[in-house]
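Biologist: I would like to learn how to read a model like this one, step by step. Could you take me through it, beginning with the surface?

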Amino acid sequence: MPYEIKKVFASLPQVERGVSKIIGGDPKGNNFLYTNGKCVILRNIDDHSRFVNCVRFSPDGNRFATASADGQIYIYDGKTGEKVCALGGSKAHDGGIYAISWSPDSTHLLSASGDKTSKIWDVNVNSVVSTFPMGSTVLDQQLGCLWQKDHLLSLSLSGYINYLDKNNPSKPLRVIKGHSKSIQCLTVHKNGGKAYIYSGSHDGHINYWDSETGENDSFAGKGHTNQVSRMTVDESGQLVSCSMDDTVRYTNLLLRDYSGQGVVKLDVQPKCVAVGPGGYTVVVCIGQIVLLKDQKKCFSIDNPGYEPEVVAVHPGGDTVAVGGADGNVRLYSILGTTLKDENKLLEAKGPVTDVAYSHDGAFLAVCDASKVVTVFSVADGYSENNVFYGHHAKIVCLAWSPDNEHFASGGMDMMVYVWTLSDPETRVKIQDAHRLHHVSSLAWLDEHTLVTTSHDASVKEWTVTY
């Protein structure tokens, strides 16, 4: 059963190794250590009055430029180190300058500033060619820039990457709005015949991605103010998300606007959320289980006698499975506006980290901190159906394929396994699915397309064949 990477949606482009000869510098901006290819030179340059944030040699090596928090850019002779000019006279920008980048022909310079603009300079005549206004908020400050062949890019404080248009400075050609913080959770949903991926990050930011093109954007308005811990989509097409800001939000996926949408304030910080038919939402909080009906809190179990961690609602809507830190899964029945404990324990092999019902409701999969996935048969009274071993570290997430015969698991070992329900030995192993961090969440777009995400702030699509 082979697999292959289909798409990677990431926020940072790969760049070629630069040709800068600067080795280091004094943070106060007085001393620079650089090399001319044969020796290392220490030179005192005290033109700037504040910290120097960036130094770049021109590609031809004849000049180098320095940019500082004092809003000035100085051009120096690349061989002698003598100052040639100050771009823009007394000031190049009205705010501190964080980055500069030379054009390939060494005649122009791109600068990025905290004054929320980027500029193109003609170095030979010491004049501004274009000014790119990037917005008016604090998050529109420009912290980085790159001139790569015909492409001009700038990086905003928000983490957005802007493709600048020399012919129309007032509007970027393209803006990449990926996450700049670690992604904690994701879910998928089909809208208007197109499949979309929804991802939530540590800073409360939720992004939606076109699964075919990778084009993405964020919801309008003010949303969560802290980490998004879990998301799912209910039967009415609303994104239901819980956050460390102690809220559960209901956001219409057609409007994609937080304004005027349902927000439920909880007494305790939520960890996980699951939805069922009939407008039911079950939220697992620290030391508490909460039942919501039509976006209103109607019942809670306080101090249940164990620490609940994760929750899943049976597709039929009558049963709730809650996994605990004590290594057990407890079953509850939804009776109108209450939850009834069925006094039935399903034993996992360690502290439960995720639970998931198959789409047909026939099986319940449970993963734990002891690196094991246990599958229970619902029709057989939740008897143990099979046990799956393979991960080398704690498993943190589960997701069933639409075919109900396969499911995927992701772990702290940075691996993803796609398991076959009827045969634990038949599996697909995706090693180093995310090389920098562990897999934090996964979901299926269809029977052969798996989506994974990680604290590396990227979303990946995998094509899985059996």
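**Reading the surface, the fold and the core**

Modeller: This model is predicted, and its chain exposes about 20,100 Å², of which carbon and sulfur atoms supply 48%.

Biologist: What share of the 466 residues in the chain is buried?

Modeller: A residue is called buried when its relative accessible area is under 20%, and in this chain buried residues make up 55% of the 466.

Biologist: How many helices and how many strands does the chain have?

Modeller: The chain has 43 strands and 0 helices, and its C-alpha atoms fill a box of roughly 85 × 50 × 40 Å along the principal axes.

Biologist: Which residues does UniProt list for "repeat: WD"?

Modeller: The unreviewed UniProt entry lists residues 45–86, 90–131, 176–219 and 388–429 under that name. Over residues 176–219 the chain is 59% strand and 0% helix, with the end C-alpha atoms 14 Å apart, while residues 388–429 are 62% strand and 0% helix, with their end C-alpha atoms 13 Å apart.

Biologist: Which residues have the most contacts inside the largest nonpolar core?

Modeller: The general idea is that, in soluble globular proteins, nonpolar side chains tend to be buried together. Here the largest nonpolar core has 31 residues, and Val320 and Leu364 are those with the most contacts inside it.

Biologist: What does Leu364 touch, leaving out residues up to four places away in sequence?

Modeller: Among the residues that Leu364 touches are Ala321, Val329, Leu346, Phe376 and Tyr382. Across the chain, 40% of the contacts with a separation of 6 or more are between residues 24 or more positions apart.

Conventions. Residues are numbered from 1 along each chain as its sequence is written. This is a predicted model: local features need pLDDT of at least 70, side-chain atom pairs count only at pLDDT 80 or more; totals for chains, interfaces and linings use all residues. Side-chain values use heavy atoms; hydrogens and water are left out. UniProt positions are given in the numbering used here, feature names are shortened, and annotations may be inferred rather than shown by experiment. Helices (H or I, at least four residues) and strands (E, at least two) are DSSP runs, numbered from the N terminus. Buried means under 20% relative accessible area, exposed over 50%, partly exposed in between (1.4 Å probe, protein chains only). Contact means heavy atoms within 4.5 Å. Accessible areas come from the Shrake-Rupley method with a 1.4 Å probe; for residues, only the protein chains shown count as cover. A nonpolar core is a set of buried Ala, Val, Leu, Ile, Met, Phe, Trp, Tyr and Cys residues joined through side-chain atoms within 4.5 Å.
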